[in-house]
Amino acid sequence: MDLGISGRWAVVCAASKGLGKGCASALAQEGVNLVVNARGVEALEETAAYLRSLNPMIEVRCVAGDISHENIRQAVVSACPHVDILINNAGGPPPGDFRDWTRDDWLSAVETNMLTPIELIKTTVDGMAARGFGRIVNITSSAVKAPIDILGLSNGARSGLTGFVAGLARQARLTERNVTINNLLPGSFDTDRLQKTLQRSAQVAGIEVSDIAQQRLQTIPARRFGTAEEFGAVCAFLCSQHASYMTGQNVLLDGGQYQGTF
Ligand code: NAP
C-alpha cells in the first residue's frame, strides 16, 4: 500500500534508538524527509546515516539535545521546512515507589512526558491546519490503559497528556483541516529501555534476567516482545493519507496482553 506521504516532512523526537528509530525508519521507507532528535550526538548521527541508507531519496537532518528543553524544541522545529508529521517521544520516567518521589521528580516527569509534547503540538498544529494536512502521533505507554504499579510517574504524566489530546484532537478547526492526533501505546517492545527494566526487576527479585523475561512473556499472549519495526509500521499508517478519519484514538500495541474487550 502506498501511504501517500512521500515528500512530506516529519519531526521524530527521541529517534536514535528503540521505538522512535522504528518510527523514523518506517517513515523514511515511505519517502518522508526527517528531522531526528536525541541527546547523544554519536548514536543520532549513526541513525541518520542508517535512515539515509534506507532511502537515499530523502533528506535527514539531526538536532541533538534534550527535547524537554525549550531551545532544543525550537531548534528541532526550525530545522524542518514545514512540519507535516510530528512524532512525540522521549525517555520514560524511572520506576519506583511514590513515597520516595519528590516534587522535582514529578515535575521532571510532567515536563518530559506531558508538557513537552503539548508544547510541540502547540508550535506545529496550526501550521498543519493552514496547509490542510497534519499527523501527530504521541508515543505513550500501555500503562495509560492498564497502570503499572512501579511506573506511577509514567501512569500519571502520560494520562495527563492523553486527557489533553482527547479534547484537542476533536476540535473541528483541526479535524476539518485534515489534522489528526493519536496516541500509540506500546506494551513490551524489545528495546534498550525494556532490557534495562528487565535487569532492574531481576536485581530486585534476585533472579536471572532471562527468568524475568520468561515470566514477562508468559503474560503476553503473543509470547514474544514487539519489535521497533512493527511499532514503526503502525506509526507510519497513522501518518498516512489513509488514516484521515482516525483521530483522538489510543492505539494499543501489546501482543494481546491487555485483558479487556475495549
Ligand atoms: P529506548 O530504546 O531507551 O530509546 C530511547 C530514545 O530516546 C533514545 O534514542 C534516546 O537517546 C532518546 N531520548 C531519551 N530521552 C530523551 C530526551 N529527553 N530528549 C531527546 N531524546 C531522548 O526507549 P524506547 O523503548 O524506544 O522507549 C521510548 C518511549 O516509549 C519511552 O518513553 C518509554 O518509556 C516508552 N515505552 C516503551 C516501552 C517498551 O517496551 N520499549 C513500553 C512502554 C512505554 P538519548 O539517550 O541519546 O537521548
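These legends accompany close-up views of a predicted model.

**View 1. Helix α4 and its kink.** Let's begin with helix α4, which runs over residues 103-131 and has 29 residues. From its first C-alpha to its last, α4 reaches 41 Å, close to the 42 Å expected at 1.5 Å a residue. Look along the helix for a kink of about 40°, centred on E111. Just after α4 comes G132, which takes a positive phi of about 80°.

**View 2. The buried residues of α4 and what they pack against.** Here we stay with α4, whose buried residues include A109, T112, N113, T116, P117 and I118. Further along the helix, L120, I121, T124, V125, M128 and A129 are buried too. Which elements do the buried residues of α4 pack against? Their helical partners are α3 (70-78), α5 (152-168) and α6 (172-175), and their strand partners are β4 (85-88), β5 (134-139) and β6 (179-186).

**View 3. The shell around the ligand.** Now to the ligand, which 27 residues surround. The closest of them are S16, L19, A90, F189 and T191. Helix α1 (18-29), strand β2 (33-38) and helix α7 each supply at least two residues of this shell.

View 4. A polar side-chain atom of D66 lies 2.9 Å from a nitrogen atom of the ligand. On the backbone, a polar atom of G187 is 3.1 Å from a ligand oxygen atom, and a backbone N or O atom of D192 lies 3.5 Å from an oxygen atom of the ligand. Of the 890 Å² of accessible area that the ligand has on its own, the protein covers 90%.

View 5. T191 sits in the loop between β6 and α7 (192-205). Is T191 buried or exposed? T191 counts as buried because its relative accessibility is 13%, and the cut-off for buried is under 20%. Leaving aside neighbours within four places in sequence, T191 is in contact with G18 and L19.

**View 6. A10 in strand β1.** We finish with A10, whose place is in strand β1 (residues 9-12). With a relative accessibility of 0%, A10 counts as buried. Apart from neighbours within four places in sequence, A10 is in contact with L27, V32, N33, L34, V35 and I85. How many residues apart in sequence are A10 and A143? They are 133 residues apart in sequence, and their C-alpha atoms are 26 Å apart in space.

Terms used: Residues are numbered from 1 along each chain as its sequence is written. This is a predicted model: local features need pLDDT of at least 70, side-chain atom pairs count only at pLDDT 80 or more; totals for chains, interfaces and linings use all residues. Side-chain values use heavy atoms; hydrogens and water are left out. Helices (H or I, at least four residues) and strands (E, at least two) are DSSP runs, numbered from the N terminus. The expected span of a helix is 1.5 Å times one less than its number of residues. The bend at a residue is the angle between axes fitted to the seven residues ending there and the seven starting there. Buried means under 20% relative accessible area, exposed over 50%, partly exposed in between (1.4 Å probe, protein chains only). Contact means heavy atoms within 4.5 Å. A residue is near a molecule or strand if one of its heavy atoms lies within 4 Å of it. A polar contact is a pair of N or O atoms within 3.5 Å; within protein, one must be able to donate a hydrogen and the other to accept it, and residues adjacent in sequence count only if both atoms are side-chain atoms. Accessible areas come from the Shrake-Rupley method with a 1.4 Å probe; for residues, only the protein chains shown count as cover.
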